[in-house]
Amino acid sequence: MFNFKRKMKAENLDKIPKHIGIIMDGNGRWAKKRFQPRVMGHKAGMDALQDVTIQASELGVKVLTVYAFSTENWSRPEDEVAFIMNLPVEFFDKYVPKLHENNVRILTMGDNSRLPEATLEALKKAVEKTKHNSGLILNFALNYGGRAELVRAISLISQDVLDAKINPDDITEDLVSDYLLTNQLPYLYRDPDLVIRTSGELRLSNFLPWQTAYSELYFTDVLWPDFNKSGLRSAISEYNNRHRRFGGV
């Protein structure tokens, strides 16, 4: 008798990406499916983030950059934005202690100028509390936009040329990288090896346009609050089935 059941691929975790970027999408749709306010999806998404971060750390991932709030997200309903801005406050009280126990270091990147004072204070506390940790770096892209990051870098480089700090001939890819917001990360881990986007959308939405030039992209229909340790392992397993050529053969 023939077995027509589809064979499952064996999990392959031989190569662990050093830097994973995650576009955490689908919180609102998750809540809507459960007849709950959209904000409840964001709350559930924080639980998912803690679980995925700890699993990534256990697997040996060095950097996890998560797209927490984009520069375009300000156009969302005011009450939803206010709720999201308060999440870092709750994050510090509820989640940071557990991450700290797991040797996770927290960093943030983005434009802080529009963030509420309470949000900034919570972020500063999380960064300060974990600054001596030597494990996985959980890097929050908060009020971040890739094009804005590039404009900022161009402006800074231009000013340094005008001030004769650098010559135009000095401008290389490495130098540009030094002016990007990811310059706070270890040099070898600035660019994501793998980018995961949940919820079925097939785009990067202004997330790390320079840094993801050669990242492997993984899209899943799973909504972010339902993404878990198993989902992360599946994404990494798929990454292991890719052949990264970086323009070569």
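Helix H2, which covers residues 38-59, is built from 22 residues and spans 32 Å between its first and its last C-alpha, close to the 32 Å that is expected at 1.5 Å a residue. Directly after H2 comes Gly-60, a residue whose phi is positive and lies near 105 degrees. These values, like those that follow, are computed from a predicted model.

**The chain as a whole**

The secondary structure of the chain consists of eight helices and six strands, and when the elements are read from the N terminus on, they follow the order β-α-α-β-α-α-β-α-β-α-α-β-β-α. The radius of gyration of the chain is 19 Å, close to the 18 Å that the globule rule gives for 249 residues, so the chain is as compact as a globular protein of that length. Taken along the principal axes, the box that the C-alpha atoms fill is roughly 75 × 50 × 35 Å.

Of the 249 residues in the chain, 46% count as buried, while the accessible surface comes to about 13700 Å², with 52% of it belonging to carbon and sulfur atoms. When contacts between residues at least 6 apart in sequence are considered, 78% of them join residues that are at least 24 apart.

Is Gly-21 buried or exposed? Its relative accessible area is 0%, and because buried means under 20%, Gly-21 counts as buried. If neighbours within four places in sequence are left aside, Gly-21 is in contact with Thr-65, Pro-192, Leu-194, Val-195, Ile-196 and Phe-207.

Ile-23 is also found in strand S1, and with a relative accessible area of 5% this residue is buried. Outside the four places on either side in sequence, the contacts of Ile-23 are Tyr-67, Val-195, Ile-196, Arg-197, Thr-198, Arg-203, Leu-204 and Phe-207. One of these partners, Arg-203, is in contact with Ile-23 although the two residues are 180 residues apart in sequence, and their C-alpha atoms are 9.6 Å apart in space.

Val-81 is buried, with a relative accessible area of 8%, and, not counting residues up to four places away in sequence, Val-81 touches Phe-69, Asn-73, Trp-74 and Arg-76.

Strand S3 is made of residues 105-109, and Arg-105 lies in it. Arg-105 has a relative accessibility of 28% and therefore counts as partly exposed. Among the residues that Arg-105 touches, with those up to four places away in sequence not counted, are Thr-130, Lys-131, Asn-133, Leu-136, Ile-137 and Leu-138.

**Separation in sequence and in space**

| Pair | Apart in sequence | Apart in space |
|---|---|---|
| Gly-21 and Asn-86 | 65 residues | 23 Å |
| Ile-23 and Arg-203 | 180 residues | 9.6 Å |
| Val-81 and Ala-148 | 67 residues | 20 Å |
| Arg-105 and Ala-82 | 23 residues | 26 Å |

Most residues other than glycine have a negative phi. Which value does phi take in Phe-35? Phi of Phe-35 is near 55 degrees, which is a positive value in a residue other than glycine. Phe-35 has its place in the loop between helix H1, residues 27-33, and H2, and with a relative accessible area of 80% Phe-35 is exposed.

Ser-205, too, is a residue other than glycine with a positive phi, near 55 degrees.

Definitions and conventions:
Residues numbered from 1 in each chain as written. Predicted model: local features only at pLDDT ≥ 70, side-chain atom pairs only at ≥ 80, totals over all residues. Heavy atoms only, no water. Helix = DSSP H or I, 4+ residues; strand = E, 2+ residues; numbered from the N terminus. Rg over C-alpha atoms; globule rule 2.2 N^0.38 Å. Buried < 20%, exposed > 50% of the residue type's maximum accessible area, 1.4 Å probe, protein only. Contact = heavy atoms within 4.5 Å. Areas by Shrake-Rupley, 256 points an atom, 1.4 Å probe, with all protein chains shown as cover. Expected span 1.5 Å × (residues − 1).
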